[in-house]
Amino acid sequence: RQALSPQGSAGGVAMELVRVPVFVVAQPGVKVAPERHAALRLPRSGDTKDTSAWLAVGGLLGATVACQRSRGLNGPRGVSSRFASAAPTSTKPTEVVDVKDQNAAVEPYACPLCNRPFSKITGGGAVCDPCGVGFPRNSNTFLDLTISSAKLPEEIPDVEVEAAPEPEDEPGLLQRLPFVDVTDAIAERLGLPQSKEVEALGRELIKEPQRVLASPLQPPGTSTFQSPLVSFAYERGWRRSFASSGFPGPDEEFRLAQEFLKEGAGLLGDTLLDASCGSGLFSRRFVSSKDYSTVVALDFSESMLKQVDDFAKKDFGTDYANPKMPGQTALKLVRGDIARLPFESNSLGGVHAGAAIHCWPNPENAVAEIARVLRPGGVFVLSTFMPRGPLRAMGTNSNPYRFWTEEELQSLTRRCGLVDFKAITKDPAFIMVRVKKPMLDA
């Protein structure tokens, strides 16, 4: 700093070293409410670094060039002038085309790279011209907006690619057993898988046996739900085990979440994001409430999204994404990264994440992303496990899941700029939290 701006000199350039999370970049032109400044603090030496990558940003040449260009001056010794001459003098605004499926609402997504609206969304996928990338629509089921799925724009077709119809399989051994109709009826009433579903799962596992095992490229908490076996079992038994931790059951959890979500500014009749939706247990309930124009069911697991599709077809018919009945809520399926949400900043009135945060590999970055996409007055509702009872010894460094105390959740959400913390707890380990994004000062 002394070398750049010696004491008593005029027009010197100062350089500041800044330590920031590499994943989170402030959006230019976004006004921050005064209350949110209090949530920010300098990292301390004892802070853990396992969930965030930190980057020390410096560079004498870069700082000099930036400062000189911002003042409209030529760079020292002609260095920055070369950069200035190469910089574009004007930019052509990107034409944003709101593409609708027939009789459907506009799909409310943005590029996960730049967070700007897509240049076009077609039956075959979405294209971002400024980034020069496209994202495919998978098997007529969901839009894949993960960065790993990005393709060249010319690889995204303008029309939906019709999947080749699979030959109808003959009834397997289970469907040929005596009294199968009776056992299937009993299984349906109990919420258990029926013979046809079990056989379909078996065929899927035979086709892709490697997906049964956890992927070494994904954190354990994430890769668990990539398995078709886990995705199939989640709503057919796995979720019921949550009752032993105090979860009051899907219907009551939905009622509690709805009461919290209705506190969001302008959310009713708008788009609701059900993040880490799993099999769509709550997504379908939100759709049935008809309180929202669109419910976006987002998950990273392809096999979970397949379950959402299967259940939605049974509950709402094959046109659930583009309902023809007036007043019916549309259900949109998206594969996305919770720490890289494919929505514009300040665009959503509400986000729900039921029994999910304990599975997120980078919960701090994920909550910061949710705060980014919420508009002022928007609501974030989450539920998870507290480290109580049998869970006290879990959620440690050796366990892929992290369980949160009420105080930790309040600190986490506050550090991400969310306020007005409310919590509902139920012994031994259930907690549901509601926080809001502060309203901007006029």
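Strand E10, helix H12 (residues 363–373) and strand E11 make a right-handed β-α-β unit; right-handed here means that, with the strands pointing away from the viewer, the path from the first strand over the helix to the second runs clockwise. Helices (H or I, at least four residues) and strands (E, at least two) are DSSP runs, numbered from the N terminus. This is a predicted model, in which local features need pLDDT of at least 70, side-chain atom pairs count only at pLDDT 80 or more, and totals for chains, interfaces and linings use all residues. Residues are numbered from 1 along each chain as its sequence is written, and side-chain values use heavy atoms, with hydrogens and water left out.

**Strand E11 and its partners**

- E10 (residues 348–353) runs parallel to E11, joined by 5 bridges; two strands pair if DSSP finds at least two bridges between them.
- In this pairing, Val 351 sits opposite Phe 380 of E11.
- Strand E13 (residues 430–436) runs antiparallel to E11, with 7 bridges joining them.
- Here Thr 384 faces Ile 431 of E13.

**The cysteines**

- The structure holds 0 disulfides, a disulfide being a pair of cysteine sulfur atoms within 2.5 Å.
- Cys 114 is buried at 17% relative accessibility, while Cys 131 is partly exposed at 28%.

Technical notes
Buried means under 20% relative accessible area, exposed over 50%, partly exposed in between (1.4 Å probe, protein chains only).
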